[in-house]
Amino acid sequence: MARAIPVGCTHPRPYTIAIDSANARGFQSHAGMKLSVYFQSKPFFSKRKNGVSRAMSAVSTPLSVNANRGTASLGEITKPDFPILKQEVNGSKLVYLDNAATSQKPQFVIDAVREYYEAYNSNVHRGIHFLSARATDEYELARKKVADFINAAGSREIVFTRNATEAINLVAYSWGLTNLKAGDEIILSIAEHHSVIVPWQIVAQKTGAVLKYVNLNEEEVPDLEQLKQLLCKKTKLVAVHHVSNTLGCILPIQEIVHWTQKYGARVLVDACQSVPHMSVDVQQLGVDFLVASSHKMCGPTGIGFLYGKSELLTSMPPFLGGGEMIADVFLDHSTYAEPPSRFEAGTPAIGEAIGLGKAIDYLLGIGMQRIHEYEHGVAVRSGHHCAQPLHHYLGTNASCRASLYFYNTKDEVDAFIKGLKDTISFFTSFQ
C-alpha cells in the first residue's frame, strides 16, 4: 500500500514522497533488513510505423500541456493539470512516485467522467432515446481511440475489460481451455506479474498443460537465449511482459514473436508498463494478444482492454454469459454475438471507458514520443510488486521501487534522492 513518508530537503517546504514498498535485493542493515531501489531506465524508442498519424496526433487538449512555458520541463507544464498533486500531506508538498502501481488523473479526464454522469448517463447499445444514443456513440468512440492508439487493424479487435488482469483471464479461459491439452507447453518468465502467471497455472491444472519458466541472465533480465531453447513443437503460448514492472527492462517483443511463430505458437503481451510511456504498435510487433489497464495511463480505474487478432477473437467462445453478448436466446440454447460484444456481457463500465478515451486524447495532446524522451524512469514502491517468484529467485524479501511519470519534476527526483541517502545513512549508523 502506498505510504506518505516525510523527507527533509533544501526546498522552502519539504516534500512528502508517496511510495510503495516491495521485496528485492539491496542494502543490508545490521538487523537483517533490506532496502532496495530499482532505477528503471528505458531506452529511446523511435516513432512507430504509421502509428502517430492514425492515432490522432493533433488532439485539442484544453489544458496546460499546450501552454508555451518557455524552458519549463514537461513535468512543470503538466503537473497543474492534476488536482491531486496540489495537496500537502502532513504539512509537506506531495511527491507521487508510485506511478507503476497507478497514475494520477488530469482534470480533463475527471471532467469527462463527471460529464457522462451529469449529462448523458444511460445504458449503451440498447436504447433509441437521445441519452442512450450519445452514451453509445461516446463508448464506441473510446474503443476506436484505443484501437488507433495501439494501431490495431480495427475497433473490433479491442475488448473492454475491468482491467488487464481480467483481459488475461479472458484469454486463458476462452482461448486456453479451448486450445490447450495435456503435454502442451506455456512459456513464461519468472519476472512476470502475478496476473500473468496465476491464470495460466489454473489453466495448466485444468488441461494438463505444462508451464516452462525463463530465468534471469547475468544482467538480471529475462534470459532470451533460454527462451529460444525452450521453444519447441509443444509450445502453444508465450506470455511475457513488454516492460517489467519490477526490473524495468524492455523485452524485444518483435523478435520474440518471430521466434515463436516458427513453432506455430501464440504470443500474449502484458503491456501495462509500456502503453502509458511509449508508442506501441501491435501490428508492427505482430503479437496475437496484448493487454493494458486504463488506470496506469491517466484514465479511470475499473477499465482495461484486450487486443486480439480478429481471427482469433472470432474463433473463441464467450468468457461470460448474459445480456449484450448474445445474438439470439432460446430456452435450450443461445447463439452469440460477434467480437467484441461476445466478450462484454452485461452493462459495461461506460463512464470509465469514456474516461479512458479522454485519457488517450490527453496523452496524444502531449505526444507519446515527448513523454518517452522526458521520463527519467524512477519511482518508489516497497513490497513484492505482485512479482513474488522474481523476488524468490533473487533471494530477497522486499524491494523499494521508484516510478515516475511525465508530470514528475526534477525537484521531486532530487527530493527522493536526498531522502534515499538520508535513509541509507540512518541504517548504516547502526553498524
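This is a predicted model: local features need pLDDT of at least 70, side-chain atom pairs count only at pLDDT 80 or more; totals for chains, interfaces and linings use all residues.
Local features require pLDDT of at least 70, side-chain atom pairs count only at pLDDT 80 or more, and totals for chains, interfaces and linings use all residues. Residues are numbered from 1 along each chain as its sequence is written, and side-chain values use heavy atoms, with hydrogens and water left out.

**Exercise 1.** Identify the residues that touch the most other members of the largest nonpolar core.

*Solution.* A nonpolar core is a set of buried Ala, Val, Leu, Ile, Met, Phe, Trp, Tyr and Cys residues joined through side-chain atoms within 4.5 Å; buried means under 20% relative accessible area (1.4 Å probe, protein chains only).
- Step 1: The largest core holds 63 residues, and Val287, Leu290 and Phe406 touch the most other members.
- Step 2: Helix H11 (residues 350-366) gives the most to this core, with 10 residues; helices are DSSP runs of H or I, at least four residues, and strands are runs of E, at least two, numbered from the N terminus.
- Step 3: Apart from this core lies another, of 27 residues, including Ile168 and Leu188.

**Exercise 2.** Determine which strands stand at the edges of the open sheet of seven strands.

*Solution.* Two strands pair if DSSP finds at least two bridges between them.
- Step 1: The strand order is E8-E14-E13-E12-E11-E9-E10, with mixed pairing.
- Step 2: Strands E8 (158-161) and E10 (210-214) each have a single partner strand, so one side of each is left without a neighbour in the sheet.
- Step 3: Within the sheet, E11 (residues 235-241) and E12 (residues 266-270) pair in the parallel sense over five bridges, and Leu237 stands opposite Arg266 in E12.

Note on methods:
Buried means under 20% relative accessible area, exposed over 50%, partly exposed in between (1.4 Å probe, protein chains only).
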